[in-house]
Amino acid sequence: MAVLQDKIIIFFMCFLSVFFWEINSETVICVLIAASISSFCYYFNSKKVTVVLLLLYGGICIVNPIFCIFLPLFVYDIALFRLKIVGAIVFLFTLKYWYKNETLIVLIGILSVALSWLLQVRTEKFNSLNYEYKRLRDTSQELNLYLSKKNKMLIENQDYEIHLATLKERNRIAREIHDNVGHMLSRSLLQVGALMTIYKEEVISSNLLLLKETLNDAMNSIRESVHGLHDDSIDLYSNISSMIQKFAEYKINLDYDMSDDAPINIKYCFIMVIKEGLSNVAKHSNADRIDIIVREHPVFYQFLLQDNGRNGNRKISDSGIGLENMRARVMNLNGTITIDKQEGFKIFITIPKKEVKQNK
């Protein structure tokens, strides 16, 4: 498009030289032929075709020197395709025209040729810069997509590590219950059974039977608890309570109202946000009280972490890795997150249920 604009400018500049000649059918034909051949050069945009058309136009200039008026229009194509030899040949064809014409016409022609060359150089630089800009833009978009993919993988790995650590701890507790309490109950049941075979009196036998039933109930309860601990689920409330215990120096108020069947990625998100939020408060805030709200509403999940600190919270960088991870997690769940440091440190998150149900 820039080449076409340049050619139109050069054409009208050359057209002004026509008024130094007698306006007749010959000059009209000259204008039409010059415009047509230049248009063909632009349309085909081929070096071979341009060479043929330039040599043709040079031959026409020998036959009728008036065609030399539009020579600057073809100097643009000579500069565009780096046709130095062809340009020299065409110049030799038109040497007679430059030698015999008036000084003013020659000066106008030289200025037109120089302007044509400068316009081509300027357009070439512009196109080069435009190409480089598009290349950098595309590269930047590719890098952003790559970083986004990497960030998503890091979040998934972090979720996996949290999940693995949780299962490891639950399995440890399950083994301890099974190996200690379970064995003790089994031994107690055997002992009661032995006593029931020794003592046949109705009073003692009935009491031993009640004791055996109680121990059986306890044993069944232990089995259910052990199987529950091995289950692949996350107890969000227990995880939050465990994290809060590590910050005993703060008065932490937890308002928890969330069902156990919430999607696991929601639970991971809230665990990570609370962990990072409490860490930021401990490092940068002068607060002594922290409020945590985790609620489930009919159409969305809501989270709030807020302290009563002043000024010190402003040391927290908006571009920190922890805060960026928070934003990435919430955005992956199509939620919104607001981080405010003006009146204490506050993180407010809402995540729509409709978007996360399929990820349970």
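This note walks through a sheet, a helix and a few loop residues of the structure above.

1. **Ground rules.** The model is predicted: local features need pLDDT of at least 70, side-chain atom pairs count only at pLDDT 80 or more, and totals for chains, interfaces and linings use all residues. Residues are numbered from 1 along each chain as its sequence is written, and side-chain values use heavy atoms, with hydrogens and water left out.

2. For the terms: helices (H or I, at least four residues) and strands (E, at least two) are DSSP runs numbered from the N terminus, and two strands pair if DSSP finds at least two bridges between them.

3. Contact here means heavy atoms within 4.5 Å.

4. **Two strand pairs to look at.** Strands β1 (residues 251-257) and β2 (residues 289-296) run parallel and are joined by 7 bridges; Asn 253 has Asp 291 in β2 as its bridge partner. Strands β3 (residues 300-307) and β5 (residues 346-352) run antiparallel, with 7 bridges between them, and there Gln 306 stands opposite Lys 346 in β5.

5. **A left-handed unit.** Together with helix α10 (residues 264-284), β1 and β2 make a left-handed β-α-β unit. For reference, a crossover is right-handed if, with the strands pointing away from the viewer, the path from the first strand over the helix to the second runs clockwise.

6. **Helix α2, length and faces.** The 20 residues of α2 (residues 25-44) should span 28 Å at 1.5 Å a residue, and the end C-alpha atoms are 28 Å apart, which agrees. The expected span is 1.5 Å times one less than the number of residues. Its buried residues include Thr 27, Cys 30, Ala 34 and Cys 41. Seen down the axis, the buried residues of α2 fall within an arc of 145 degrees, so they line one face of the helix; the arc is that of the directions from the helix axis to the C-beta atoms. Ser 25, Leu 32 and Tyr 43 are exposed on the other side. Buried means under 20% relative accessible area, exposed over 50%, and partly exposed in between (1.4 Å probe, protein chains only).

7. **What covers α2.** The cover over the buried residues of α2 includes α1 (2-15), α3 (47-63) and α4 (71-80). Val 31, in α2, is buried, with a relative accessible area of 12%. Val 31 and Phe 67 are 36 residues apart in sequence and 8.1 Å apart in space, C-alpha to C-alpha.

8. **Two asparagines worth a look.** Asn 45, in the loop between α2 and α3, has a positive phi of about 50 degrees although it is not a glycine. Asn 45 counts as exposed, at 52% relative accessibility. Asn 334, in the loop between α11 and β4, has a positive phi of about 60 degrees and is not a glycine either. Asn 334 is partly exposed, with a relative accessible area of 46%.
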